[in-house]
Amino acid sequence: MIHLPNDDHTCGWYQALPDAPGKPQLKGEEYADYVVLGAGFAGLAMARRLAVLSPESRIVLIDAQRIGQGASGRNSGFVIDLPHKFALEHPDPAHKQKLLSLNRSAISQLSRLVKQYGIDCQWSAVGKYQGAVGARGEAYLDHFEHLMTDLGEPFEHVGGAELATVLGTNYYSRAIYTPGGYLMQPAALVRGLGDSLPENVTVFENSPIRSLRKAGDNWVLQGDHGVVNTPELLLGTSIFTREFGYLKNRLLPVMTFASWTRPLTDAEMQRYGGQLNWGLTPADHAGTTLRMTADRRILIRNTYKHVPKYGASISDAVRQQIHNDHRQVFQARYSELAEVPFTHTWGGVYAISRNFTNFFGQLDDGVYASACDNGVGAAWGTISGTLLADYVMGASSTALTDIRQVTGMPSLNPPEPFLGLGVRSRIQLAKWQSRSEL
C-alpha cells in the first residue's frame, strides 16, 4: 500500500493564491519517453531540463495533488545559498564550497525563470537574519560566525536595537545578517514554474500513483483512472520515494508547522513599526523561524513532528495545539498586535537522513531519483533536479561532478518501534533544550 501525502488544506501560501484552472487528471493509457513523478522543486526542474535537452521527446510530469499544494509550496519562503545546518559543519572546506556553488546555481536559475516568465511570487534578494534570543542562542550565533569566517563568506553583526527597527520587536538580542539568500512566496513560485514548462511536457495533477511495476522494457505507473508506460522514470518524490520500494528504512519523515496572520492594516503597521519583507531563522536550530512577508503577514514557524504516515499522522486536535503554541510565540514578540488573528496553520513534510546525506543518482534499471533534501528543498531541489536530468541524458559538467561528490547513501535507520521512539524523544529533548529560544 502506498501512503499518499494527505496534506491539510490550510496552507496559507496556497490559499492566498488566486484561483487558477487545473491541469488534467491522468486517464486512460499514456506513453512517454520520460516520466517525472512529483511536481515539487525537484520534479519541475527535472521535467524542464529533460524537455530542453530532448525537445523531440514526450515528458510526462505527474503529481498526486495540485502543483503548489505539496511540500514545495509549504516552506517558509527562503531560498538559502549557504550550506545549511549540519552541512555547514562539514570538516572538508571543498565540500562546503561545492554546496555553496550548487545552491547559487539554483538561485541563478530560479531568478532567470522568474524574470523570463514574469512569475509573481514576491521574489526578492534581501538576504536573511540568523537571530538569537538569549544566552543559548548567542552561543550558537558565535559558532555560526566562526563557521562563516572559515567559509570566507560575508556577514554583518546586527545589534538588538538595530535589529528591532527591522523586526518591529526587541525580543531578539542580536543577529548575523548574510546577504546571499532570497525570499519568495513558495506556492506562487511552484505554480509559476509549473505553468511555464516547455510544450513537450504534459502535466497531470490530482493523479496519485498507486503502484509501480516493470513490464518488459517499460515501467508501468498505475493511477486511479489511468496508467503511464515509460522506459525512463525520474522520482522527484523526496520522502515518498520509500513508498515505491526505494531507500526504504533510510529516510525519516518529519513535519514542521507554520502559522500566519492576515495582512496587517495601516494602523497595525504603525504599531508594528518594523520593515516589510524580511526573514529570520533561529541560531538554535530548534528555535523559531520568523517572517514578515511583502504583503504584510507575520509568519511563525516551529514545532517538529515525526510523521510515519505523513499528513495522516496529524489530527485536528494536534494542529489546534500547534496553533495555540504559535499564538504564544507571536504574542511574546508582538504584544501590541495581540488581537491580530492567525488565518492559517499548516504543516509540511520533508525527508531527513541520520547522516544528513542527500541521495542523487540511479536506483534501478531506468529509475533515477534525487531524494532527501534535509530541509533545504527550494535550492537543493532545483539544482539536483536539473542535474539529475543531465545525468540521465549523459551530459557532463563541473556541477554534475560536484553533486555526485557531495551526495551519497542515507544511512539505515533502526527498525520500528525503536525508530519512532528515538525520533520523538530527540524532538522532545531539542524542544526542551531550546525552550528559551522559542
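The model is predicted.

**Stop 1: the sheet**

Select β9, β3, β2, β13, β20 and β19. These six strands form an open sheet in that order, and their pairing is mixed. Now look at the two ends of the row. β9 covers residues 201-204 and β19 covers 359-364. Each stands at an edge with a single partner strand, so one side of each is left without a neighbour in the sheet. Look along the sheet next. From one strand to the next, the twist averages 20°.

**Stop 2: the β3-β9 pair**

Select residues 59-62, which make up strand β3. β3 and β9 run parallel, and four bridges join them. Which residue of β9 is the bridge partner of I59? Pick V201 to see it.

**Stop 3: the helix across the sheet**

**Stop 4: A389**

Move to helix α9, residues 377-393, and select A389. Is this residue buried or exposed? A389 has a relative accessible area of 0%, so it counts as buried. Show what surrounds it. Beyond residues up to four places away in sequence, A389 touches M46, R49, L50, L53 and L234.

**Stop 5: R333**

Go to helix α8, residues 316-333, and select R333. The residue is buried yet has no salt bridge. Which side chain of opposite charge is nearest to R333? That is E437, 7.2 Å away. Now show the contacts of R333. Leaving out neighbours within four places in sequence, they include V133, T169, Y171, Y172, T288 and L290. E437 and L438 are also in contact with R333.

**Stop 6: E437**

What does the side chain of E437 reach at 3.0 Å? Zoom in on the backbone nitrogen of G137. Finish by showing what E437 touches, not counting residues up to four places away in sequence: among them are G131, A132, V133, G134, D284, G287 and T288. R333, from the previous stop, is one of these contacts too.

Notes. Residues are numbered from 1 along each chain as its sequence is written. This is a predicted model: local features need pLDDT of at least 70, side-chain atom pairs count only at pLDDT 80 or more; totals for chains, interfaces and linings use all residues. Side-chain values use heavy atoms; hydrogens and water are left out. Two strands pair if DSSP finds at least two bridges between them. Helices (H or I, at least four residues) and strands (E, at least two) are DSSP runs, numbered from the N terminus. Axes are lines fitted to C-alpha atoms, for helices over the stretch in contact, and angles run from 0 to 180 degrees between N-to-C directions. Buried means under 20% relative accessible area, exposed over 50%, partly exposed in between (1.4 Å probe, protein chains only). Lys and Arg count as positive and Asp and Glu as negative; His and the chain ends are not counted. A salt bridge is a side-chain nitrogen of Lys or Arg within 4 Å of a carboxyl oxygen of Asp or Glu. Contact means heavy atoms within 4.5 Å. A polar contact is a pair of N or O atoms within 3.5 Å; within protein, one must be able to donate a hydrogen and the other to accept it, and residues adjacent in sequence count only if both atoms are side-chain atoms.
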